[in-house]
Amino acid sequence: MAPTSALFGASPDVARRVLDDIEAQFRLSKDDLVTITTQFLEDFALGLGEYNHPMAMIPTFVTGVPNGSETGTFLALDLGGTNLRVCEVELLGNHEFVLRQQKYKVSEALKTGEATALFDYLADSVDAFLTEFASAVPSSPTTEQPNPFASPSLAELDPEPAVPLGLTFSFPVEQTALNRGKILTWTKGFAAKNAVGHDVVQLLQDAFNRKHLHVRCVALVNDTVGALLSRAYTSGGCLLGSIFGTGTNGAYVEHVENIRKLGDSPARQNGGYMIVNTEWGAFNNTRTVLPTTPFDNKVDRESINPRLQAYEKFISGMYLGEITRNILLSLIDAAPKPLLFNGRSSSQLNAHYGLDTAIMSEVEEAWETGRVPTVPLTIDSAVRKEGKPAANGLPSADVASKIPDWQSAHFTDVDSLSQDDLARLERIRGIIIQRLGLDAADVSLRDAAIVRWASSLVANRAARLSGCAVAAVLVQTGRAKLGGGFVTDEEKIIVGVDGSLIQHYPNFNTRLRESLRELVGEEVEKKVDIGLAKDGSGVGAALCALQATKQGL
Ligand code: GLC
């Protein structure tokens, strides 16, 4: 790769120059963040105005958010993350819910084979779940609610109703109703044949019918919409639901009149609000403002969807490990002298997607543990009840500003590090040897420092870019101004999040907030309450199924 191949000798100075050069490619200044966010707002406007833009801005036909008083029991099926999940969700009506779930693996063959095989597998999984958990039937809700999620009396709708199921399908789908939508494209490594252009609810219902299952798919929801609805359910309101996991995306509450592509349709004439699924993973597919490096280009070229989902490829868990692997390989292969692992690699490191983002997370965790407090995600009481440790509400900007800038290549000069840091590097060295299958003799403490540095470069850039999407939604919805200087009266701006990166990657949330603060100012950033949308896919699908049954779907 260009930055390393043309150098002669690998004296410490030369090595440092190589690392500094890579580092410079990954840094994002405030001006860069502003440019990216400005482009985001332009792309929002394009997608709201017309169909067929990469950032699809999909109207979801969900026109209200729950308030936590909804009740009922529903089945939910969730496809689109690392696992397939079937859940039974009981909404208790007091901001709390009980969820039972079973996870099923989706093989590579199913992801890329015929769609009917994939949907038959989904139906089989629902069948297996119903057999195992006999109580998975809808219960009649108990109270009348005035909001759009108000509980229907299922018995009134059908004396022997099929089990209503909400489908969380976390791929771009052009929805035309709560229970209808055509698959626009696959993302995140899926490529099942004869699915794009078809109605996903119909594909699933046909599979249920083929298997004679008494289950009816009544609602379709994206995981970001699920995150938004479930955070609204547990905390009483929510502006934005977003996922920072295997993929990335966001859905927010928009004025229907701004969704100009709905034209004169009844949905638009009714006015009010509608949740829009942005599909921001496809932001700037032309890469005019995204800070593309050779390492990113390689990820894109070798992916199953080159030139698509550009933003997602900079941000999400599916790709961060691969970008980091490309950096490490370029240092192993540096000419005329290797700069890493004595020039040796391993079968794991040589394999496409062989470096899991979870390994980066472990490496960073080993470096960060015990240093400074990080900014926790808010955890609502409904979630706390399940035994998770409580995190104290709003993050303070002060905490974020105390986090040192470990990103620098300077931290690869191990001779200047403290004993504590050397001990941390020793732990990282152990992780590398074990998880990447390298020979211990080929992994020095300096190599460990380089792996830590590369991981933090890639992850910090991802978190800072994520801040642009959140800032764009705040500006789009009138909650903030780019550059700061405007403060909404609202006490809190609630954001529901889910996904492995935001939940578990060290400092991801803190770095995202730093970027947000640079973009919209500290006062607004402090009001942004980023909290876990626990089980958002299951709860969101259940809430949509509730709304759908109320509409008689
Ligand atoms: C991908 C999908 C999107 C989903 C996101 C997070 O970007 O296209 O629909 O919300 O991943 O799972």
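**Pocket, cavities and a helix pair**

The lining of the largest pocket is made up of 24 polar, 13 charged and 11 nonpolar residues. The model is predicted. The space in this pocket comes to about 1200 Å³. Its lining counts 48 residues, and Gly81, Thr82, Gly245, Thr246 and Ser500 are the closest to the centre. Two strands, β4 (97-104) and β10 (248-255), are among the elements that give two or more residues to the lining. The helices that do so are α12 (317-332), α14 (357-368), α19 (500-504) and α22 (536-550).

The search finds 6 cavities of 30 Å³ or more. The largest cavity holds about 70 Å³. It is lined by 13 residues, and those closest to its centre are Glu364, Glu368, Asn460, Asn507 and Arg511. Helices α14, α18 and α20 (508-520) each supply at least two lining residues. Helix α18 gives the most, with 4 residues. By class, the lining of the largest cavity has 5 nonpolar, 4 polar and 4 charged residues.

Helix α18 (residues 445-476) also packs against helix α3 (residues 30-49). Their axes lie 9 Å apart, at an angle of about 50°. The two helices are therefore oblique to each other. Their crossing is right-handed. On the α3 side, the contact is made by Lys30, Leu33, Ile36, Thr37, Phe40, Leu41, Phe44 and Leu48. Helix α18 contributes Arg464, Leu465, Cys468, Ala469, Ala471, Ala472, Val473, Val475 and Gln476. The α3–α18 contact has 13 nonpolar, 2 polar and 2 charged residues.

Terms used:
Residues numbered from 1 in each chain as written. Predicted model: local features only at pLDDT ≥ 70, side-chain atom pairs only at ≥ 80, totals over all residues. Heavy atoms only, no water. Axes fitted to C-alpha atoms, helices over the stretch in contact; angles between N-to-C directions. Parallel < 35°, antiparallel > 145°, perpendicular 65-115°, else oblique. Left-handed = near helix turned anticlockwise from the far one by under 90°. Contact = heavy atoms within 4.5 Å. Nonpolar A, V, L, I, M, F, W, Y, C, P; charged D, E, K, R; others polar. 1 Å grid on protein atoms, 1.4 Å probe; cavity = no way out; pocket = protein on both sides within 12 Å on 5 of 7 lines; lining within 4 Å. Points joined across faces, edges and corners; volume = space filled by probe spheres on them.
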